[in-house]
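Colleague: I have just opened this one and would like a slow walk through it. Please start wherever you like.

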Amino acid sequence: MVLHTSIMAVPEVVPLSRRRIEHLALQLVQSRSPNTLSAHDPFPVHQVCEFHLEALCGVSFAVDRLPSGTEGRFEGGELIINEDVYDALLRNDPRARFTLAHELAHCMLHKEQLDVLNSRKRGIVQLHRRGMLAPYRDPEWQADTYAGAVLMPAQVVKEIYDSIPDILRPAAPRYVADKLSVSLRAAEVRISILKEMEVLRP
Ligand SMILES: [Zn+2]
């Protein structure tokens with residue numbers, strides 16, 4: 001069972017609410033990068049994966065040439081990142097950082113479930129079309145939610161957002177993107193989620 005090689009068919013996973021995922025992501029940031037919370041430093045997702053993944057969740061990290069279109073794959077014991085993505089990480093590329101944070105989320109949230117799936121006969125594993133699953137049971141939704149919360153912790157985004165003068169508020173995603181090394185699109189999505197959660201004022 002490989003997560004993420006197909007975005008259309010995924011296994012159902014143990015449900016996780018957005019609130020629970022936010023909590024787990026914050027715990028990781030507190031333990032591995034307190035400066036992200038105190039000084040708004042970008043979360044060092046590359047260093048955490050390359051040097052601490054084994055200690056965090058028993059998954060080893062590797063870089064390899066993967067089939068075209070595959071950015072990373074996680075098969076339970078090993079996270080493999082495509083060499084193009086790794087090169088981009090060395091340049092601090094925002095999109096590569098999100099890709100790696102998404103894979104880190106699978107390691108942190110889904111490793112034990114994958115181990116169980118892998119130990120069974122392949123035929124027993126039921127795959128679902130993504131649209132058929134409730135989001136909170138969809139491993140890809142869970143991984144994107146965790147990645148957003150690790151790279152852009154709610155309290156950090158709130159502090160950046162609240163520090164911007166009202167007249168510049170429409171440019172808030174740009175401020176967040178620059179400060180936390182995420183893409184403009186990722187910052188826009190995160191800000192709109194935090195408004196829905198009433199962490200940020202409209
Ligand atoms: Zn995935």
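This is a predicted model: local features need pLDDT of at least 70, side-chain atom pairs count only at pLDDT 80 or more; totals for chains, interfaces and linings use all residues.

Colleague: Where is E198 found?

Modeller: E198 belongs to the segment after α9 (184-196), and its phi is positive, near 65°, although the residue is not glycine.

Colleague: And what is the phi of N92?

Modeller: N92, again not a glycine, has a positive phi of about 65°, and sits in the loop that links α4 (83-90) to α5 (94-119). With 11 other C-beta atoms within 10 Å, N92 is exposed.

Colleague: Let's zoom out: how many helices and strands are there in the protein chain?

Modeller: The protein chain has nine helices and five strands (DSSP runs numbered from the N terminus, helices being H or I of at least four residues and strands E of at least two). Along the sequence they come in the pattern β-α-α-α-β-β-β-α-α-β-α-α-α-α. Of the 202 residues, 34% are buried.

Colleague: In what order do the three strands of the open sheet come?

Modeller: The order is β2-β4-β3, with mixed pairing (two strands pair if DSSP finds at least two bridges between them). β2 (60-64) and β3 (72-74) are the edge strands, each pairing on one side only, and from one strand to the next the twist averages 20°.

Colleague: How many bridges join β2 and β4?

Modeller: Five bridges join β2 to β4 (residues 78-82), in the parallel sense, and along that pair A62 stands opposite I80 in β4.

Colleague: Which helix packs on the sheet, touching β2 and β4?

Modeller: That is α3 (residues 45-57), whose direction makes about 145° with that of β2 (contact puts C-beta atoms, placed from the backbone, within 7 Å; axes are lines fitted to C-alpha atoms, for helices over the stretch in contact, and angles run from 0 to 180 degrees between N-to-C directions).

Colleague: Which strands does α5 lie across?

Modeller: α5 lies across β3 and β4, and runs at about 5° to β3.

Terms used:
Residues are numbered from 1 along each chain as its sequence is written. A residue is buried if 20 or more other C-beta atoms lie within 10 Å of its own, exposed if 12 or fewer, and partly exposed in between; C-beta atoms are placed from the backbone. Two residues are in contact if their C-beta atoms, placed from the backbone, lie within 7 Å.
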